[in-house]
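Hello,

Here is the structure for you to look over. My notes follow below it.

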Amino acid sequence: MSEDKTVTLKPVDLVEPEPDKTPGQPDLQGQDSGHPGTEEKGPVGPTPDAVAQGNRWTSTLDQFKLKRFFVLRPGTMDQALGDIKALVNQDEDGDVHGVWLMAEVDHWNNERERVVLITDSSLLICKYDFVMLNCEHIQRIPLNFVDRITHGNFSFPQRSLLTREGEGVRVFWDRLREPSFLSKWNPFTTDYPFSTFTYHPVRNIDHRFTALCEIQSFREQLTEAAQKAHLKQPIPGKANGVLVLNQPLLIESYVGLMSFIGNQNKLGYCLARGNIGF
């Protein structure tokens, strides 16, 4: 039994020796030496690598969501512009001066994907199917009918349960006509004397789509084109000119369960929605 007790196992030999400060060796005062008051002073908050990794995951998720839009498929937007421009009546509308990709917001707060063109004489609001590459509908508004353009943030009635962030542009072409009571409560009505536009979700994907989705340039160019149309083709008995106002865009919708479900799932856009079936 006495042979097992050796000096090499004495606890005194386990005491941490003080570091030798030799020339060229860094000072170790900032490291943890086991004594109070010498805690390691690391960086506060996430490290740069952790932040970069988080940004990388966020960027990947955003790119995955954006790539579901068919308008981003290579050549799709060019095909759409070619198809729509081929339907423009040169005698009635004239030359095309601007093209925008925007989201139209109706009176029930539903979003719908639209391609909007400004020509010499008309404002063209086009419903284009980016899946089948087909222009389904074109709403033509003479520019000399445009009498008011408002821009600003969206607003709702005081007791409404809906909200919408961001800003938009509303174009009026008959300021004297107010929507009827039945039109206000009909989600499928199309006889409203104005259209409301906001940013398309893909506007930040690259520089080209940023320019295509810019509603400020759309507002400025539409104002200029409408002023020229009023001077060129004035309407008898009507005050000619365009009134531009900066004010909230009121959407008179209170509950909007249909718009909430539709906007959350982007039902108004041509989107890849995966396999559906059994």
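Which residues of the largest nonpolar core touch the most other members? They are V71, M77, L101, V115, L117, F130 and V202, out of 26 residues in that core. Five elements each supply at least two of its residues: α2 (76-86), β1 (96-105), β2 (111-119), β3 (122-129) and α4 (207-212). The largest share comes from α2, with four residues.

Please bear in mind that this is a predicted model.

Take L101 next. Leaving out residues up to four places away in sequence, L101 touches V71, M77, E113, R114, V115, F130, H200, V202, F209, L212 and C213. C213 itself is buried, at a relative accessible area of 0%.

There is also a second, separate core. It has 22 residues, including F197, Y199, L222 and A229.

Now the cysteines. The count of disulfides is zero. For C126, the nearest cysteine sulfur is that of C135, 5.0 Å away. A disulfide needs the two sulfur atoms within 2.5 Å, so C126 is in none. C126 has 0% relative accessibility, so this residue counts as buried.

Overall figures:

- The protein has six helices and nine strands.
- It has 278 residues, and 37% of them count as buried.
- Among contacts with a separation of 6 or more, 63% are between residues 24 or more positions apart.
- The accessible surface is about 18,400 Å², and carbon and sulfur atoms account for 55% of that.

Best wishes

Terms used: Residues numbered from 1 in each chain as written. Predicted model: local features only at pLDDT ≥ 70, side-chain atom pairs only at ≥ 80, totals over all residues. Heavy atoms only, no water. Buried < 20%, exposed > 50% of the residue type's maximum accessible area, 1.4 Å probe, protein only. Contact = heavy atoms within 4.5 Å. Areas by Shrake-Rupley, 256 points an atom, 1.4 Å probe, with all protein chains shown as cover. Core = buried A, V, L, I, M, F, W, Y, C linked by side-chain atoms within 4.5 Å.
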